[in-house]
Amino acid sequence: MDAQTTVFLLFILMLSVFLGIELISRVPSQLHTPLMSGSNAISGITIVGAVLSLSSGNETMTAILGTAAVACATVNVVGGYLVTDRMLAMFRKKGQGKG
Amino acid sequence: MISPFLIDVAYIVAAVLFVFGLKMLSKADTARRGNQISALGMLIALVATLLYGGMDYTYILAGLVIGGGIGLFGAKTVAMTGMPEMVALFNGTGGVASLLVGWAEFHQSSTEIAAGGMTVFSSFTLGAIFLASLIGGLTFTGSVVAWGKLSGKLPGKPMLFPGQQVFNILLLVIVLAAGIAFSLVGDAGDPLMMAKYDIFLVIVVIGLILGVLAVIGIGGADMPVVIALLNSYSGLAACATGFIIVNKVLIVSGALVGASGLILTTIMCKAMNRSLANVLFSGFGATSGGAGKKNEGEARVITAEDAFLVLEAASSVVIVPGYGMAVAQAQHAVRELGDMLEENGCEVKYAIHPVAGRMPGHMNVLLAEANVPYEQLVEPDDVNPIIEAVDVCLVIGANDVVNPSAREDEDSSIYGMPIINADLARTTFVMKRSLGAGYAGIGNPLFFRENTRMLLGDAKDSVSTLVAEFKQA
């Protein structure tokens, strides 16, 4: 990776961190659990890295590690989003019937 | 094959959806839609990545099917009370995935170098592999220990051995030194380069050990903070992975999760009036001192029948749920009691402390499951100013979050923590299994107050008895 790319990526990192801080600073405590498990699902984005590590023609050990990485990241993504959805489906306003 | 430019555009779309998703997750009205939007972003990112081509799709499919199956099963079968440990476990899988990606990339490059190939990582990339593997591994074992503590498979009490702090710091120094050695680039014949794979394995092992040691010393009552922090770590691990493979969507999303997790952690710490360092290193509840003054006086016990008579006459009731409600699975019975009280012309509110339960917002989830409308769920700041006008404050399985020592007793280890001032209500009923100390092992003078009555026994049974009384009346 050349120096220019490195600086570019670090720049993106810096802006994302500030964005993340701004996004979350005002959240009612009743939403903390869904928020935590929802953002936890986003951290499963490492699935992209896992998929990319499985280039064809790789050594067997690499393929095993990559497959395990895909499986683990998928647990994080699928489980994280579903569990959050299940929780949020229960939050309802007064007068709304059972869903 | 599709052009890398279009894939990058898809990544931008995915990142935008993540940002909007997180934004919407922070409002009750839009939260569910926000989560779905964020899931759509993930799907777009995944499909776009698959379009790069040149990958071994059999392996990918195998991974997706296995992981998807496990995730689906876990998410569908977990009970609402078991949610904290489930979130911890899912979080751990994200961490270990980052570790495995780092390992796979490093392993592939090592074999290619050994075969005389040209793939040589820069120090920067090696540093990213180091961070992804270390943080990923630490997140994994830390989450597993948190899962064990939350599900009761490990003792909730902090487990500390003499010299643990020194040992932890020593490990940290070693792993940082190993990380620097690992990141150096030199000639292939250099002994340091020959030992690179061994150094990597040392880093992985130390990362895994550090995760265990970091969480094992933290008490069950502090788990909300720990889960929020581990969540932040798994984001950082994904971010580091993004630097390994030079992928912008990983960096952006990982950083978003890392930063938001850190903010959530800080909010949790504030709610307990403790610094993050204090939570991480003190072994709360295990240390001596801080137990506060001896409780004096005698607790007054009341029967459910007598409690019913008071509740029937009350015109305002505040219910304060805690972890005990979750353990007794009493949320449905509690909601039924709330409905009965409302039918009786009484104003009912549920006062929820931010750290009640074992996960931030744990009580909100349980009461939502029982169909309590979220307008009725209020925070301590909303209820404390009016608590003195409340006829009955019903404490169900909560203890430390209503402990007046936090307000009055400077020697207590929880002094200064914002609490719900249940003791200031006209009458306070405390539902509790026995007269023992709370989870954090601190005595609670609330139980001995003039206006406090103890309703002993299983919370669910007690609440059900009250509901039955209302039905008869």
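A residue counts as buried here if 20 or more other C-beta atoms lie within 10 Å of its own. Keep that cut-off in mind for the tour. The model is predicted.

**Stop 1: α4 of chain A**

Select residues 60–90 of chain A, which form α4(A). Of its 31 residues, 25 are buried, so this helix is largely enclosed by the rest of the structure. Now check its length. At 1.5 Å a residue, α4(A) should span 45 Å, and its end C-alpha atoms are 45 Å apart, which agrees.

**Stop 2: the whole of chain A**

Along the sequence the pattern reads α-α-α-α.

Colour chain A by burial next. Of its 99 residues, 61% count as buried. Then look at contacts within the chain. Among those between residues at least 6 apart in sequence, 61% join residues at least 24 apart.

**Stop 3: where chain A meets chain B**

Show both chains and select the contact between them. Chain A gives 80 residues and chain B gives 100 residues. On the chain A side, at least two residues come from each of α1 (3–24), α2 (32–42), α3 (46–52) and α4 (60–90). Which helix supplies the largest share of this side? It is α4(A), with 29 residues. Colour the chain A side by class: 43 residues are nonpolar, 29 polar and 8 charged.

**Stop 4: the nonpolar core**

Select the largest nonpolar core, which has 190 residues. The residues with the most contacts inside this core are A:Ala69, B:Leu100, B:Val320, B:Val395 and B:Ile396. Its largest share, 17 residues, comes from α4(A).

**Stop 5: the domains of chain B**

Colour chain B by domain: domain 1 is 1–77, domain 2 is 80–281 and domain 3 is 304–472. Taken over C-alpha atoms, the centres of domain 2 and domain 3 of chain B are 38 Å apart. Their contact takes 18 residues from domain 2 and 17 residues from domain 3.

Stay on the domain 2 side of that contact. Two or more residues come from each of α4 (83–114), α9 (223–244) and α10 (248–271) of chain B. The largest share, 4 residues, belongs to α9(B). By class, this side has 14 nonpolar residues, 4 polar and no charged ones.

**Stop 6: α5 of chain B**

Finish with residues 123–150 of chain B, helix α5. This helix has 28 residues and reaches 40 Å from its first C-alpha to its last, close to the 40 Å expected at 1.5 Å a residue. Is α5(B) mostly covered or uncovered? Mostly covered: 24 of its 28 residues are buried. Step just past the helix to B:Gly152, which takes a positive phi of about 80 degrees.

Key. Residues numbered from 1 in each chain as written. Chains lettered and ligands numbered in written order. Predicted model: local features only at pLDDT ≥ 70, side-chain atom pairs only at ≥ 80, totals over all residues. Contact = placed C-beta atoms within 7 Å. Nonpolar A, V, L, I, M, F, W, Y, C, P; charged D, E, K, R; others polar. Buried ≥ 20, exposed ≤ 12 C-beta atoms within 10 Å, placed from the backbone. Domains from an automatic or database assignment. Expected span 1.5 Å × (residues − 1). Core = buried A, V, L, I, M, F, W, Y, C linked by C-beta atoms within 7 Å.
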